[in-house]
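My notes follow in the order I looked things up.

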Amino acid sequence: MTRGNQRDRDRERAQARSGNKGKTKDDGLTPEQRRERDAKALQEKAAKKAAQAATGGNNAGGGNKTKK
């Protein structure tokens, strides 16, 4: 049984798919700038979560569901 050029086509497709994967750290920032950006994002996230908790908008607990 021969597969013809199917094996070659599959290799080409796999290489094309794998070429776009992976995280790149080439965002043009120095490590110090990246740390500052990440710290700012974490502070904003924590502030948003604290504001949500203060307003009582936390629905993650599931509420008063009872099983029958």
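Before anything else, I wrote down my cut-offs: a residue is buried under 20% relative accessible area, exposed over 50%, and partly exposed in between. I also noted that this is a predicted model.

**Overall make-up.** I counted the elements and got 2 helices and 0 strands in the protein chain. Then I checked burial: of the 68 residues in the protein chain, 0% are buried. The protein chain exposes about 7,100 Å², and 49% of that comes from carbon and sulfur atoms.

**Helix 2.** I looked at its length next. Helix 2 has 25 residues and spans 36 Å from its first C-alpha to its last. That is close to the 36 Å expected at 1.5 Å a residue.

**End of helix 2.** Where does T55 sit? T55 is in helix 2, which covers residues 31-55. Is T55 buried or exposed? T55 has a relative accessible area of 67%, so T55 counts as exposed, given that the exposed class starts over 50%. I also checked what the T55 side chain reaches, and found the backbone oxygen of Q52 at 2.9 Å. Helix 2 is followed by G56, and the phi of G56 is positive, near 80 degrees.

**Salt bridges.** How many salt bridges are there? I get 2.

One of them joins the side chains of D10 and R13, at 3.9 Å from N to O. Both D10 and R13 lie in helix 1 (residues 6-18), 3 residues apart, about one turn of the helix. An α-helix has 3.6 residues a turn, so residues three or four places apart point the same way. I looked up D10 as well: its relative accessible area is 30%, so D10 goes down as partly exposed.

The side chains of R37 and D38 also meet in a salt bridge, at 3.3 Å from N to O. R37 has a relative accessible area of 40%, so I put R37 down as partly exposed. D38 comes in at 37%, so D38 is partly exposed too.

Technical notes:
Residues are numbered from 1 along each chain as its sequence is written. This is a predicted model: local features need pLDDT of at least 70, side-chain atom pairs count only at pLDDT 80 or more; totals for chains, interfaces and linings use all residues. Side-chain values use heavy atoms; hydrogens and water are left out. Helices (H or I, at least four residues) and strands (E, at least two) are DSSP runs, numbered from the N terminus. Buried means under 20% relative accessible area, exposed over 50%, partly exposed in between (1.4 Å probe, protein chains only). Accessible areas come from the Shrake-Rupley method with a 1.4 Å probe; for residues, only the protein chains shown count as cover. A polar contact is a pair of N or O atoms within 3.5 Å; within protein, one must be able to donate a hydrogen and the other to accept it, and residues adjacent in sequence count only if both atoms are side-chain atoms. A salt bridge is a side-chain nitrogen of Lys or Arg within 4 Å of a carboxyl oxygen of Asp or Glu. The expected span of a helix is 1.5 Å times one less than its number of residues.
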